[in-house]
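Me: I am new to this structure. Please pick a single part of it and take me through that part closely, together with what surrounds it.

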Amino acid sequence: MEAEETRQSVQFEIIDLAASVRLTRRLGKLWNVSLQDRRDVNLVSVALRPGPDDLAVLLRNVEAWVKQESLCAIRFDVDGREYILAAGEADWAAVPAAVA
C-alpha cells in the first residue's frame, strides 16, 4: 500500500517555514496539499490528481515558484526516489540565517 501512495503524491523539502506556507497556499489552489513542520526540514506533500500530465503540471508550477522565491533548487521525492528541481539563481541575501 505504501508504494501505491508514494506514486500518488510528491513531497517537496523546504527549509524555511514561511516559504513552505507560501508553496502550500500556491499549490492548494489546484491540489490537495499538506504541510509537515519538522525540526530540520518542512515537507510539503501534494496528492496527484488523475491524469497523465498532472505531475508535469505540478513540477512546472513548483519550478516557477522556486525561481520566484530565488531558492535556486529544492529537493523532492516522487515514486520513492529523490530528485532536485532547479530554477533561476539563488538570492543568498534572502536566505534565512542558520540558528545555532
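Reply: Two strands are said to pair if DSSP finds at least two bridges between them. Strands themselves are DSSP runs of E with at least two residues, helices are runs of H or I with at least four, and both are numbered from the N terminus. The model is a predicted one, in which local features need pLDDT of at least 70 and side-chain atom pairs count only at pLDDT 80 or more, while totals for chains, interfaces and linings use all residues. Residues are numbered from 1 along each chain as its sequence is written, and side-chain values use heavy atoms, with hydrogens and water left out.

On one side, β1 pairs with strand β3 (residues 42-47) in the antiparallel sense, over 6 bridges. The strand also pairs with β4 (residues 72-78), again antiparallel, over 4 bridges. Val 10 has a bridge partner in each: Val 46 in β3 and Val 78 in β4.

These pairings belong to an open sheet of 5 strands, in the order β2-β3-β1-β4-β5, with antiparallel pairing. At its edges are β2 (32-37) and β5 (81-87), each of which pairs on one side only. From one strand to the next, the twist averages 25°. Helix α3 packs on the sheet and touches β1, β3, β4 and β5 (contact means heavy atoms within 4.5 Å). The direction of α3 makes about 50° with that of β5; for such angles, axes are lines fitted to C-alpha atoms, for helices over the stretch in contact, and the angles run from 0 to 180 degrees between N-to-C directions.

β1 is mostly covered, as 5 of its 6 residues are buried. Buried means under 20% relative accessible area, exposed means over 50%, and partly exposed lies in between, with a 1.4 Å probe and protein chains only. Ser 9 has 15% relative accessibility and therefore counts as buried. Leaving aside neighbours within four places in sequence, Ser 9 is in contact with Val 46, Ala 47, Leu 48, Asp 77 and Val 78. The side chain of Ser 9 also makes a polar contact of 2.8 Å with the side chain of Gln 11. A polar contact is a pair of N or O atoms within 3.5 Å; within protein, one must be able to donate a hydrogen and the other to accept it, and residues adjacent in sequence count only if both atoms are side-chain atoms.

Next comes Glu 13, whose bridge partner in β4 is Arg 75. The side chain of Arg 75 also meets that of Glu 82 in a salt bridge, at 3.9 Å from N to O. Salt bridges that share partners join Glu 13, Arg 75 and Glu 82 into one network; a salt bridge is a side-chain nitrogen of Lys or Arg within 4 Å of a carboxyl oxygen of Asp or Glu. Glu 82 is exposed, because its relative accessible area is 53%, whereas Arg 75, at 37%, is partly exposed.

The whole structure holds 4 salt bridges. One of them joins Arg 22 and Glu 69, with the closest N and O atoms 2.7 Å apart. Arg 22 lies in helix α2 (residues 17-27) and Glu 69 in the loop between α3 (54-68) and β4, so the pair ties together parts 47 residues apart in sequence.
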